[in-house]
Amino acid sequence: MTLETTPPWDDVQNYIDGDWQAPSSDEGQDVVDPATGEAISYVGFSSSDDVDSAVSAGQAAFEEWSNTPVEERIQPLFELKQLLEDHQDELAEVLVREHGKTLAEAKGELRRGIENVEVACGIPSMMQAGHLPNAAPDIDETAIRKPLGVFTAITPFNFPGMIPLWFLPYAVATGNAFILKPSEQDPVVAQRLFELIDEAGFPDGVVQLVHGGVDTVNGLLDHEGIQGASFVGSTPVAKTVYERAAANGKRVQAQGGAKNHVIVTESANLEFAAAKTVSSACACGGERCLANDVIVVEEGVYDEFTDLVLEEAAAQTVGYGLDDATDIGALITPEHESRVRDLIASGVEEGAELLLDGRDVEVDGYEDGNFLAPTVFGDVEPEMTIVREEIFGPVLGLMAVEDVDEAIDVMNRSEFGNAASLFTGDGADARKVRHEADVGNLGVNAGTAAPMAFFHFGGRKDSFFGDLHAQGEDMIHFYTDKTIYIERWPDS
Ligand code: NAD
C-alpha cells in the first residue's frame, strides 16, 4: 500500500471496530498547513454516540484479546513496526505538511515512536511479575499482572507521530483495548498511522481512533467503560483532565507543559554547549516540551557564551519544512505565533535585552506561513514572564549567575519540572546538579534530555500530574493490575 502524502486530503475519519466512519457531531475544523495557511483537510469532532460505539467495541474486543496468548498479541506489533519502517518517509512528509516542522525532525520523531513499538514487543518478559517459593512455611506466592479493559490517550499537536506511540503499543501488548484521541490541529498523521494499524492484523475493536476536541475528550473521561486515561498537553488542561478522570475513578497520568533550563559552567566546552543549546531551544520551532529556553551561565563565561549562542542562532535557516536547507519550520497556527510575539514583546517591556530579534523574518513563497526566527534575550531575570511561562517558540533568554548553587536555585524556583541540561567539564558540578535538580529528565552535556523508549518519560511539579509516566516499564504498571496468589497444598 502507499500512503497519500500530497494534499488536499479527504476529511479524516474515525476508526471504530475495524471500520472507517465519519465523526458524527456537527462540529469540526479545517486542518491547515502552517507554512502556507491553506486548508489541507478537515476534521469532524466525535459525538458522544461515537465515543459510546468505540468504548462498546473496545469492551467487546477486550474479552477475547485479554485472553489471547501474549505471543499472539505481539505479532501485530511486529507487523506494525515493519509497516512503520516501510512507510516512515510518507508519514514524515504528511507530518511536515500539517505540523510545519522539518523533515529531519519528523523522521526523528517517528523513529522515537517506532522504538516504543519495539519495546512493547518485549512484553512477554516485561509483564512477568514474580514468584517466590517458600514465601512462608509451605506457601508459595506468585504475582500476576492482568490487563484492565479499555484505555484512552489524548495527545497534543507537537509530536503527532510519536506521542500516540508512547501509549498504544503497551496498552494492547498487555491485553487491553485502546482508543486514541489525537490533536485536532494535526490529525492526519494519526489517520495514516491507523491505515497501517488496519493492515497490521489487530482484531476489530482492539485499537481505535476517535477525532475531536474538548467535548470528545470529556466524553471519554466521563465514560464508565473506560478504565484509564493518558494525557499529554498543556498544564492547565493536564490538571483538569487529571482531576476529571480521577473523580470518575479512572487511572490517569497527565503530562503538562514545561519551562526547561540549561546550566552552563565555566568548565564547559562552550562551543559544543552553544550549538546544543540553540538546537534544543529552536528546533521544531521551539514547540517541544523539552525545549530548553532559560540559559543560566556562570558569570565568568557569560559574555563569551552569549556571543557563541548569537552566532549559532543567527545561522539558523527558517523556511518550509520540506526544503533541505531549513532548520526551523513554521509554528502551528497564526494564533500561536501571535502569542509567541506577545511574549517577546513582554520580554522587551519587562527589561530584558533583545540581542537577536527574529520577528521580521520572511520566507519567500510562504508569505502566509506562521514563521518566526530565533530570538535571543540577554540579562533575563527569574521573575520575567519569558522566564516563568512556557513560550513554545524559538525564543531563549540568557542569565548570568555567580555559581552552580545559584543556577540550581533559579532552576528549582520554576513551577515546572520537565527537563534541564547541564554543560560542564566538572564531575562535582554534575553530581551536585544531578542530586539537586527538581526535574524529571536531566541531560549532562546533552541539549535535549529525551529518554529512549525503554526508560520512562515524564516530568515533575506542574509538568506532570500522576505517578506512572509514559514509555517503558511504567506503562506496564499503568496498564495492568497485580493479583497475588498465595498457595498452600497441605498433605491430605
Ligand atoms: P493542549 O492542551 O491544547 O491539547 C492537548 C490535547 O488536549 C488535544 O488533544 C486537545 O484536543 C485536548 N484539549 C485541549 N483543550 C482541552 C480542554 N479544555 N479539555 C479537554 N481536552 C482538551 O496542548 P497542545 O497545544 O496540543 O500541545 C502543546 C502542549 O503540550 C505544551 O504545553 C507542551 O509542553 C505539552 N507537551 C508536554 C509533553 C510532556 O511530555 N510533558 C510532551 C509534549 C507536549
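Trainee: Which side chains meet Arg192 or Glu195 in a salt bridge, and how do I read that term?

Mentor: A salt bridge here is a side-chain nitrogen of Lys or Arg within 4 Å of a carboxyl oxygen of Asp or Glu. In this predicted model, the side chains of Arg192 and Glu195 meet each other in that way, at 2.9 Å from N to O. They sit 3 residues apart in helix α8 (residues 188-200), which means about one helical turn separates them. Helices (H or I, at least four residues) and strands (E, at least two) are DSSP runs, numbered from the N terminus.

Trainee: Are Arg192 and Glu195 buried or exposed?

Mentor: Buried means under 20% relative accessible area, exposed means over 50%, and partly exposed lies in between, with a 1.4 Å probe and protein chains only. Both Arg192 and Glu195 are buried.

Before we go on, a word on the ground rules. Residues count from 1 along each chain as its sequence is written, and side-chain values use heavy atoms, leaving out hydrogens and water. Because the model is predicted, local features need pLDDT of at least 70 and side-chain atom pairs count only at pLDDT 80 or more, while totals for chains, interfaces and linings use all residues.

Trainee: How many salt bridges does the structure hold?

Mentor: There are 19 salt bridges. One of them joins the side chains of Lys239 and Glu243 at 3.2 Å, N to O. This pair is 4 residues apart in helix α10, again about one helical turn. Lys239 is partly exposed at 39% relative accessible area, and Glu243 is partly exposed too, at 46%.

Trainee: Which residue forms a salt bridge with Lys432?

Mentor: That is Asp405, with the closest N and O atoms 2.8 Å apart. Lys432 belongs to helix α16 (residues 427-436) and Asp405 to helix α15 (residues 404-412), so the pair ties together parts that are 27 residues apart in sequence. Lys432 is partly exposed at 28%, and Asp405 is partly exposed at 41%. Elsewhere, salt bridges with shared partners join Lys81, Glu85, Arg111 and Glu118 into one network.

Trainee: What is the strand order in the open sheet of 7 strands?

Mentor: Two strands pair if DSSP finds at least two bridges between them. The order is β14-β15-β16-β13-β12-β18-β19, with mixed pairing. The edge strands, each pairing on one side only, are β14 (353-356) and β19 (441-444). Within the sheet, β12 (residues 260-264) and β13 (residues 292-298) pair in the parallel sense over 5 bridges. His261 has Val294 in β13 as its bridge partner.

Trainee: Which strands does helix α13 touch as it packs on the sheet?

Mentor: Helix α13 (residues 334-349) touches β14, β15 and β16, and its direction makes about 25° with that of β15. Axes are lines fitted to C-alpha atoms, for helices over the stretch in contact, and angles run from 0 to 180 degrees between N-to-C directions.

Note on methods. Contact means heavy atoms within 4.5 Å.
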